[in-house]
Amino acid sequence: NVAQAYDSFKPVGSLQEERIYDKYVVRIYGRHDMSESSLGILKDGNLVYTLQGHFFSINSIYEEETGIHMCDIGTNITGDGEPNLVISEWSGGAHCCFDLHIFEIGRNFRHIDTIEAKHSQNIIFKNIDDSPGFEIIVQDWTFAYWNTCFALSPAPSIILKYDGKGFSAAH
C-alpha cells in the first residue's frame, strides 16, 4: 500500500516530478523556492529508498538549459544487463555542487554509487569503448580556484567506468 509506505517518509513541499518504470515509482518533492527536496523510490508500492537534499531531478537538472540529456530511466548504463536510474542532486551553491545517485532498478533494487561531480554541470553518459554500458564524462575540479578565479580554473575531463561495484576512473 503506497499510503502506508509513505507514513514513515515525510517529504518536503509538493510533488515536483514523478516517473514510473516497470514496478518502480520515483517521486521527487520540493519547495517551489528550491530550498529543500525529498526523493522517494518505491518498488511494488513499498518504499525502498529515501533521501533528503537541496534539489533533486530525474536525469539532469540542467537538461532544458544545456540540451544535454544524460540517459532515460531504465537505460542499462552499467552494462550488467539491469536497468538503471540516475538522480541528479544540486547542493544549492552558485555553481556547486552536483552529485549523481545511480541505482539498479531491475529484479533487485540497490544504490550503486554516488558520484560527486562537484562543479560539473555538463555530465555526459556515452559508450566510448563499445563495451556494454556507458562511461560517464565529468570534469576533475581538484584545482578549482587554484591560483586563479573559478572561471579560469583548470578542469580537465575525466572518464568514469563501472567496475562491477561502482564508477571509477577508466583505464
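How many residues lie between β11 and β12 in their hairpin? There are 4, and glycine 164 in the turn has a positive phi of about 100°. The model is predicted: local features need pLDDT of at least 70, side-chain atom pairs count only at pLDDT 80 or more, and totals for chains, interfaces and linings use all residues. Residues are numbered from 1 along each chain as its sequence is written, and side-chain values use heavy atoms, without hydrogens and water.

**Strand pairing**
- Strands are DSSP runs of E, at least two residues long, numbered from the N terminus; two of them pair if DSSP finds at least two bridges between them.
- β10 (residues 135–139) runs antiparallel to β11 (residues 157–162), joined by 4 bridges.
- Valine 138 faces isoleucine 158 of β11.
- β11 also pairs with β12 (residues 167–169), antiparallel, over 3 bridges.
- Here lysine 161 is opposite serine 168 of β12.

**Nonpolar cores**
- A core is a set of buried (under 20% relative accessible area, 1.4 Å probe, protein chains only) Ala, Val, Leu, Ile, Met, Phe, Trp, Tyr and Cys residues joined through side-chain atoms within 4.5 Å.
- The largest holds 17 residues, and Ile102, Phe125, Ile136 and Phe167 have the most contacts inside it.
- β6 (84–90), β7 (98–105), β8 (109–118), β10 and β11 each give two or more residues to this core.
- A second, separate core has 14 residues, including Tyr24, Val26, Ile58 and Leu85.

Key: Buried < 20%, exposed > 50% of the residue type's maximum accessible area, 1.4 Å probe, protein only.
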